[in-house]
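Colleague: I am new to this structure. Please show me how to read its features.

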Amino acid sequence: MSTRIAFLKGHGTENDFVIVPDPDNAIDLPPAAVAALCDRRAGIGGDGLLHVVRSAAHPEAKDMAAEAEWFMDYRNGDGSIAEMCGNGVRVFARYLQRAGYCGEGDLAVATRGGVKTVHIAKEGDITVGMGKALLPEGDVTVSVGERSWPARNVNMGNPHAVAFVDDLAHAGDLYSPPPFSPVTAYPDGVNVEFVIDRGPGHVALRVHERGSGETRSCGTGACAVAVATARRDGADPTVTGIPATYTVDVPGGTLVITERPDGEIEMTGPAVIVAEGRIDAEWLERSAS
């Protein structure tokens, strides 16, 4: 391992990430190393880590290499592996643009949740094709303290429980994962969104991201919320043939989510690279041990 490892720092609606470019998949990033890098006091700090690897060089992405040159090897802030991160895809694309690997226009990105289509607009915002939502059957309940709410089970390549509340403060501090039942609904844990209405086609959320705690934004969570809100409002674009668009306010900004009649969901929002530097490889090795 070299004595210095390149990194960048970026965010999408303040959902922030450590970015580690590694086209040949040569850098070992065990969970402890990722957690150390994402530590906000002893490391660089981030809700998660974007490991930038060519699909052909990663065993989990080789089968997608013909469709997408680049693989987003995404890790949660605690070092655990995640299927997808919507804000992360936008920041990942912004890094590729900055590094000269792509320009404005369309791009394909491989993720553990499949190949995602990305469009980098001239005005700066990035749109990600997030795929179709799955709506598993069965009642789910989430709780905070003495309060409990029914939640909509939505899967966006990763699991979400969406609860509509009267006040976002009712979500509590969100340091710990909100309890849910039945426990069999999410054997690997779940992202929990608490949602209020702000007007027609306009909602706001707070989120506990599995493996990260409360974050300033969650792209897949915003999509899950838009789908759950549409169904609550009696709208299903696959039935009506009419797209459903919601403005979703997150603590770190605003995302626009559209569910099309074919069931595909598009998310549009900003992505910013704020810094770049070098990681001390010896420190990283010690942190991983």
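Modeller: Start with residue classes. Ala, Val, Leu, Ile, Met, Phe, Trp, Tyr, Cys and Pro count as nonpolar, Asp, Glu, Lys and Arg as charged, and the others, Gly among them, as polar. This is a predicted model: local features need pLDDT of at least 70, side-chain atom pairs need 80 or more, and totals for chains, interfaces and linings use all residues. Residues are numbered from 1 along each chain as its sequence is written, and side-chain values use heavy atoms, without hydrogens and water.

Colleague: How do the residues lining the largest cavity divide?

Modeller: Rolling a probe the size of a water molecule over the atoms shows where empty space is left. Here the lining has five nonpolar, four polar and two charged residues. Among them are Tyr74, Met84, Glu209 and Arg210. On a 1 Å grid over the protein atoms alone, a cavity is a set of points where a 1.4 Å probe fits but cannot get out; lining residues have an atom within 4 Å of a point.

Colleague: How many aromatic pairs does a search of the whole structure find?

Modeller: A pair of aromatic rings is described by the distance of the centres and the angle of the planes. The search finds four pairs (Phe, Tyr or six-membered Trp rings, centres within 6.5 Å; planes under 30 degrees apart are stacked, over 60 edge-to-face, the rest tilted). Trp70 and Tyr101 are tilted, 4.6 Å centre to centre, with 50° between the planes.

Colleague: Is Trp70 buried or exposed?

Modeller: Trp70 is buried, at 2% relative accessibility (buried is under 20%, exposed over 50%, partly exposed in between, with a 1.4 Å probe and protein chains only). Tyr101 is partly exposed at 37%.

Methods
On a 1 Å grid over the protein atoms alone, a cavity is a set of points where a 1.4 Å probe fits but cannot get out, and a pocket is an open set with protein on both sides within 12 Å along at least five of seven lines; lining residues have an atom within 4 Å of a point.
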